Amino acid sequence: MELFLIAVGAALVNNVVLSQFLGLCPFIGVSKKVDTAAGMGGAVIFVITIASAITNLIYTYILEKLDITYLQTIVFILVIAALVQFVEMFLKKMVPSLYRALGVYLPLITTNCAVLGVALLNVQKSYGFVSSVVNGFGTAVGFTVAIVIIAGIREKIEYNDIPESFKGTPIVLLTAGLMAMAFFGFSGLIK
Amino acid sequence: MNETVKRLKCGIVTENPTFVQMLGMCPTMAVTTSAINGIGMGLTTTVILILSNMMISALRKVIPDKVRIPAYIVIVASFVTIVQFLLEGFGPSLYDSLGIYIPLIVVNCIILGRAESYASKNNVWLSMFDGIGMGLGFTIGLTSIGIFRELFGNGSIFGKNIMPDSYQPVSILILAPGAFFVLACLIAVQNKVKLTKARKAGEAISICEREDGCASCTNTLCMGKSYTMESVMGIKEKPDKKMTVGEALKEKSKDKVKEAEDNDREREV
């Protein structure tokens, strides 16, 4: 039950994009079409879940054991960068069909601040291994939900008559703001 | 001497990271709930930007081209860690209110963007001033957005109440949706300025090719893989390895203008 609450909390109540502003770059950049947005979401779920597992293991069994937890930022960002490269190579070799679906988005994820953000939040909240993975998965699902919804709205917005200076990013941000208001409704879900 | 002043002016006015380049949007939206948070985040970023710019510029002949991005990341991350501890020791209240966004300065695109486009090509002195200029530009941006949101969302500036008692604060401005609305208006104003300028100059009007925000600078970081640029940003020719993000964007906008012209022609036919 606790795990379920962590997952729902991460996905809906504290949505990464809409309430914590992490991963805004792909949220605005790769949300023009629903299928690319879904592809990006899939890749993010994949990477964040694995990254939370691995950073948690590294933190508990290396950084804490050697008493060098102050190196966490450096270690995490390098681990995430290496991990993304490794996942990419692994998928290319072993699961080519998944690679074709996610391939393009994988390198873009390295600097998605959501990945590093989740790893750091897991440490901050002193989650154990399972809770970390669940939190990572929930966060990534929240990201996917948000990006797919906004991509759907953007596809419709394309045909609307928008004031010239609001075309492009501004209208996307306004839509995101309205979505953020809607997501406030979830805040009563968990006390 | 002249060049240093130019670097400062470039960072604060002509290439202001917040208002002109629209870089580092994640921290901009997250920490500008109050003016003091904005200025704190801005100055922290400035310190890190100056230090990392100087270090990268000093090591620019030592770092091999192929591993430059990981090397930059390690340098930036080290400085971020140092500054994080200093802040925890000397400014605990600011440290608490900025929270997770301090370590996340590592992935702030302004810092890696400056490293890639300026510090890796220029000497230490100029890179330092580039860091100061860009950092101050970012600080000014964050502080002014912070002042705006705090004034209208809370009726105060730097924690001091200045609005009359009868003023009802628009508290949505300091909540998450407010950040999106403020930023949307900011970019719309910027687009308006661009449009007016382009009209006056009689150029082809092309806004909204910057729909990517800081996704553009993600490309600096995808380890020089050009295919991501092509497929994600829709660039037709394979860009040179040395091509900077700005150039890539220009290239893209050219394509778009061309496309738009083609479409117009078809319609006329």
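Asp130(B) and Arg7(B) are both buried, where buried means under 20% relative accessible area, exposed over 50%, and partly exposed in between, with a 1.4 Å probe and protein chains only. This is a predicted model, in which local features need pLDDT of at least 70 and side-chain atom pairs count only at pLDDT 80 or more, while totals for chains, interfaces and linings use all residues. Residues are numbered from 1 along each chain as its sequence is written, chains are lettered from A and ligands numbered from 1 in the order in which they are written, and side-chain values use heavy atoms, with hydrogens and water left out.

**Salt bridges**

- Six salt bridges are found over all chains; the term stands for a side-chain nitrogen of Lys or Arg within 4 Å of a carboxyl oxygen of Asp or Glu.
- Asp130(B) and Arg7(B) form a salt bridge through their side chains, at 2.9 Å from N to O. This pair links distant parts of the chain, with Asp130(B) in helix α7 (residues 124-154) of chain B and Arg7(B) in helix α1 (residues 2-14) of chain B, 123 residues apart. Helices (H or I, at least four residues) and strands (E, at least two) are DSSP runs, numbered from the N terminus.
- Asp130(B) also forms a salt bridge with Arg114(B), with 3.0 Å between the closest N and O atoms. Here the link runs from helix α7 of chain B to Arg114(B) in helix α6 (residues 109-119) of chain B, 16 residues apart. Both Asp130(B) and Arg114(B) are buried.
- A network of salt bridges links Arg7(B), Glu15(B), Arg114(B) and Asp130(B).
- Arg68(B) and Asp65(B) are joined by a salt bridge of 3.9 Å, N to O. Arg68(B) is buried, at 14% relative accessible area, whereas Asp65(B) is partly exposed, at 33%.

**Cysteines**

- The structure has zero disulfides over all chains, a disulfide being a pair of cysteine sulfur atoms within 2.5 Å.
- For Cys26(B), the nearest cysteine sulfur is that of Cys113(A), 3.7 Å away. Cys26(B) is buried, with a relative accessible area of 6%.
- Cys109(B) is buried too, with a relative accessible area of 7%.

**Aromatic pairs**

- Six aromatic pairs are counted over all chains. Rings of Phe, Tyr and Trp (its six-membered ring) pair if their centres lie within 6.5 Å; planes under 30 degrees apart count as stacked, over 60 as edge-to-face and the rest as tilted.
- One of the pairs is Phe21(A) with Phe180(B), which is tilted, at 5.5 Å centre to centre and 50° between the planes. The pair crosses between chains, from the loop between α2 (16-20) and α3 (24-29) of chain A to helix α8 (residues 176-201) of chain B. Phe21(A) and Phe180(B) are buried.

**Nonpolar surface patch**

- Leu3(A), Leu57(A), Tyr61(A), Ile62(A), Leu66(A), Phe129(A) and Val130(A) form a nonpolar patch on the surface, together exposing about 670 Å² of accessible area.
- Two or more residues come from each of α4 (34-63) and α9 (129-157) of chain A. α4(A) gives the most, with three residues, and Val130(A) lies in helix α9 of chain A.
- Patch residues have over 30% relative accessible area and no salt bridge; like charges are joined within 9 Å and nonpolar side chains (Val, Leu, Ile, Met, Phe, Trp, Tyr) within 5 Å. Accessible areas come from the Shrake-Rupley method with a 1.4 Å probe; for residues, only the protein chains shown count as cover.

**Surroundings of Thr18(B)**

- Thr18(B) sits in the loop between α1 and α2 (25-31) of chain B and is buried, with a relative accessible area of 0%.
- Leaving aside residues up to four places away in sequence, Thr18(B) touches Met25(B), Thr28(B), Gly137(B), Phe138(B), Gly141(B), Leu142(B) and Ile145(B), contact meaning heavy atoms within 4.5 Å.
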